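This briefing is intended for reading alongside the sequence and the model.

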Amino acid sequence: MRTCPVCSCRFPNFYPLGRSYLETAHRLNVHYSMEDYETLNVSQYSCPECAASDRDRLYALYAMHMLNNPDGTVLRILDIAPAPVLSGFLRSLPNARYRSADLFSPMADDKVDIMDMNLYTDESFDLIVCSHVLEHVRDDAKAMSELYRVLAKGGSAILMVPILLTATETDEDPDEPSVDERWARFGQDDHVRMYARHDFLARLEQAGFHVDALGTGAFGEGVFKQHGITEQSVLYIGRKA
Ligand SMILES: [Zn+2]
């Protein structure tokens, strides 16, 4: 049996990744396979009960088991471009003081451009979730430095992007005009880059973060499998010393 850490339901399997995404990748003859992504479970993708993706489940596991949040301490959370199911989960964490931010979504609490988050003062959040946002942003160095600025000392930022394990260099072009080219090179119509792993980490460190790469060993044997997360998945946590 598998368990979803977001909704706590149990069932034999998660749903696979939607066919339309796979068909688009196939049509464009992309040079990589979906299995080349570091954190993506193609065959056990979404929760049949709450629709949480494998990465949502990874963040929920981290928040439940590895976040240092002793009882009574207020946890100031900033959720950037919130995913609906995970948003509800984060709001329900003990002592959470939750804000969500998005440039476009009317569902978010605050309308914020991640490259200029002047709405928030320095060091005002203990937990930041920034998942699959930076690959959309024209100037990711600016965005990373803003994330670092608003993170409190001792805080944690979940910093995740699609990482292609076969890529040796980051491929980026915010001005690529062709939709098909954007799909083929960056993995999606509205992405402006595809990160190579070493380069993503270097950029985060350049912004000031100490980065922890938490793989299956950090969570304990069998934990990833039980929650439908592939063994090659890695959670990146940016810390501010
Ligand atoms: Zn679920």
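**Sheet and zinc site**

Strands β10 and β11 run antiparallel and are joined by five bridges. Within this pair, Leu-214 lies opposite Leu-235 of β11. The model is a predicted one. The two strands belong to an open sheet of seven strands with mixed pairing, in the order β5-β4-β3-β6-β7-β11-β10.

**Edges of the sheet**

- The edge positions are taken by β5 (110-111) and β10 (210-214).
- Each of these two strands has a single partner strand, so one of its sides has no neighbour in the sheet.

**Pairing inside the sheet**

- Strand β3 (residues 75-80) runs parallel to strand β6 (residues 125-131), and four bridges join them.
- Ile-77 is placed opposite Leu-127 of β6.
- The pairing of β7 with β11 is antiparallel and extends over three bridges.
- Ser-156 has Arg-239 in β11 as its bridge partner.
- As a general point, the strands of a sheet pair through backbone hydrogen bonds, in either a parallel or an antiparallel manner.
- Strand β11 is largely enclosed by the rest of the structure, because four of its five residues are buried.

**Zinc site**

- The zinc ion has as its protein donors the SG atoms of Cys-4, Cys-7, Cys-47 and Cys-50, which lie 2.3 to 2.4 Å from the ion.
- Along the chain, the donors follow the spacing C-x2-C-x39-C-x2-C.
- The site is tetrahedral, with angles of 106 to 114 degrees among the four donor atoms.
- For four tetrahedral donors, the ideal angle at a metal is 109.5 degrees.

- Cys-4 counts as buried because its relative accessibility is 0%, and buried means under 20%.
- Cys-7 has a relative accessibility of 26% and therefore counts as partly exposed.

Key: Residues numbered from 1 in each chain as written. Predicted model: local features only at pLDDT ≥ 70, side-chain atom pairs only at ≥ 80, totals over all residues. Heavy atoms only, no water. Donors = N, O, S within 2.8 Å, 3.2 Å for Na, K, Ca; no water. Tetrahedral: all angles 85-135°; square planar, octahedral: opposite > 155°, others 65-115°. Buried < 20%, exposed > 50% of the residue type's maximum accessible area, 1.4 Å probe, protein only. Pairing = 2+ DSSP bridges.
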